[in-house]
Amino acid sequence: MHSCVACQTLAPVKMADMVQPDTNSLQIPDDNLSVPSSPATSRNDCSITPLTPSPSPRVEVRPRMACPFSVVVAIDFGTTSSGYAFSFTQDAEAIHMMKRWEGGDPGVANQKSPTCLLLTPDLRFHSFGFAARDFYHDLDPEEARHWLYFDKFKMKIHSTSDLTMETELEAVNGRRVRAIEVFAHALHFFREHALKEVKDQSSSVLEGDEIRWVITVPAVWRQPAKQFMREAAYLAGLVSPDCPEQLLIALEPEAASIYCRKLRLHQVIDLSLQPITNGLDLDGSRPFDSSFRQAREQLRRSRHSRTFLVESGTGELWSELQTGDRYVVADCGGGTVDLTVHQIEQPQGTLKELYKASGGPYGAVGVDLAFETMLCQIFGDDFIQSFKAKRPAAWVDLTIAFEARKRTAAPGRANALNISLPFSFIDYYKRHRGQSVETALRRSNMNIVKWSSQGMLRLTQEAMNELFQPTIVNIVKHIEELMVKPEVRGVRFLFLVGGFAESPMLQKAVQRALGRTCRIIIPHDVGLTILKGAVLFGLDPTVVRVRRCPLTYGVGVLNRFVEGRHPRDKLLMKDGREWCTDILDRFVSVDQSVALGEVVRRSYTPARLGQRKIIINIYCSTTDDVTYISDPGVRKCGTITLDLPEPLPLPGAVGGAAGGAGIERREIRATMQFGDTEIKVTAVDIMSNRSVRAAIDFLSN
């Protein structure tokens, strides 16, 4: 790559601690600019010199536009379960949930389906959800080893630090497939089902471009993961890459928040109203259980209707709870816990983020992994790995059996939970180890797990506590750490949402830790909160007006070298002048407030005549106290590519000289938006006022 950028102007959003470049560090344009790489970092980077900055903030306020789509379809792509919902813009108050799925587990009533995918041995799509699980289960064990079954695969996207289009996922049988294809298969499945259902309910004929799609992702996901979901959606045929605005990426806790602000008091359970000690049993389980029973009953009644009506304004909850316009949403899902802090801006009811999204991989899956670890302790790690490889379908059965029992675990439960071991597990263990499962249990000194004569593992209350504890402790710790941040102090409301929020174990732990300092509120249909909020977000994406930047972003530039201020190893001699290389020119800073429509502008000039592309490396850092792109903690995270069209001949330019000079001073102005759920870039060729193809890429790093 050539060192491609010669100069740049600055019109950033107002930033408190923006490092203003020296106004005298103007660079004389020079078309054979070749900058040797600095001694500190040998890299093929663009060296950019800032021109005089103009510090005025540019805010392009966008008016509330009528939604240009006739229907919004949201897909909540979860770690453990997924679903979709939709709404017609003509009747935006009604949100339609997806149809009940065939199959389903005893004791698990919900309108989402498990996030599992089955591919045939020759890698073709076979089925998704309950259908995939049931078919896989019914396969002959020998045959099952050739089929590719994927579950809980969304976590891989969170845990992969260098995500690309080539990242692979491993099926239960050990075979590997490109992750983007697995995600695209799942999204394509939802597309087919949702389109059929929307068409059934729609009076008019729908064209593809009348549908706006929304896909949810955790707020703690970085830009590459968000871009990955978008690429998977293109591959799945949801929308065309030529119409990117037809697809929105929604942040899960943000979607939940958008829905929560519409709630009314009868639609929530207020845990904090449960007396903690009040002449009742000390752990307060009785009133807690009864309110949950009422909620379950109400849920059961509402299950028969799949259409939910949403308040048009802000819900009564806020007036009923008196003040309280600031709140925390803790989205506790299968894979991650995701925390967002919002303030409702009255009277328009828009939302403002008060602190950058935080959280981590502390979802309900942690409990499943703890169960697997416990099995390894009892039966031996080598045996469990061998069983998973040789009897993959039976292993999936065992995890499903645990999953169903896990949901019924509650604090203060006296009787043990029984988990039936598949016959093939008992048989395989006997053949593999030459002793019975019962003997293994007795010898393992695992006193909290017993064997029942009916062929079941009996998990005592202590065993369940041990499995839940690590994950729950992490979640509570995370919420507590957030609550003491200066921006969050004094927030009195905590919404618990997401599938894991249904767990009495988690509710009780959160109530115990935080019930005295804030009101803990759980929406009734807590597992569907994000889905409903994602539909509302698709109907009006401007509802979240201000967000906080999760990272500091910028590019490397050249500045005038100042003796004593800049280190010698950054010195670069060029045309007899001294430059300092590698200076980080910040676009935005970590935790900075950025409003929708606020833009950061920079101008770039091609270094050579006839150059067809300008490529600029973007750097990011989790802290703001960085000066150079070579500082610790700064990493290259993406590139901006500006395609340069053939320059138009200037009027009156006869022959070479004048025309050449005109071309030489071309200026491409790039405009970046950081206030949305994704970072966007557009660019214009100033001379011809033509827009320039501009792309920002976080996946090819």
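Tutor: Contact here means heavy atoms within 4.5 Å. Keep in mind that this is a predicted model.

Student: What share of the contacts with a separation of 6 or more comes from residues 24 or more positions apart?

Tutor: Take the contacts in the protein with a separation of 6 or more. Then pick out those between residues 24 or more positions apart. They account for 74%.

Student: How many helices and strands does the protein have?

Tutor: Count both kinds of element in the secondary structure. The total comes to 17 helices and 36 strands.

Student: What percentage of the residues count as buried?

Tutor: Buried means under 20% relative accessible area. The protein has 701 residues. Of these, the buried part is 56%.

Student: Which residues of H12 meet H10?

Tutor: On the H10 side, the contact includes Asp 382, Phe 383 and Phe 387. By class, the whole contact has 6 nonpolar, 3 polar and 3 charged residues. The H12 side consists of Ser 424, Phe 425, Tyr 428, Tyr 429, His 432 and Arg 433.

Student: Which residues do ring pairs link into a cluster?

Tutor: Some of them sit in the contact of H10 with H12, among them Phe 383 and Tyr 428. The cluster is Phe 379, Phe 383, Phe 387, Phe 425, Tyr 428 and Tyr 429.

Student: How are the rings of Phe 128 and Phe 190 arranged?

Tutor: A search of the whole structure finds 27 aromatic pairs. In this one, the ring centres are 5.2 Å apart and the planes are at 70 degrees. Planes over 60 degrees apart count as edge-to-face. So the pair of Phe 128 and Phe 190 is edge-to-face.

Student: How far apart in sequence are the parts that this pair ties together?

Tutor: Phe 128 lies in strand E9, and Phe 190 lies in helix H4. Phe 128 is buried at 2% relative accessibility, and Phe 190 is buried at 0%. The pair ties together parts separated in sequence by 62 residues.

Key. Residues numbered from 1 in each chain as written. Predicted model: local features only at pLDDT ≥ 70, side-chain atom pairs only at ≥ 80, totals over all residues. Heavy atoms only, no water. Helix = DSSP H or I, 4+ residues; strand = E, 2+ residues; numbered from the N terminus. Nonpolar A, V, L, I, M, F, W, Y, C, P; charged D, E, K, R; others polar. Phe/Tyr/Trp six-rings, centres within 6.5 Å; stacked < 30°, edge-to-face > 60°. Buried < 20%, exposed > 50% of the residue type's maximum accessible area, 1.4 Å probe, protein only.
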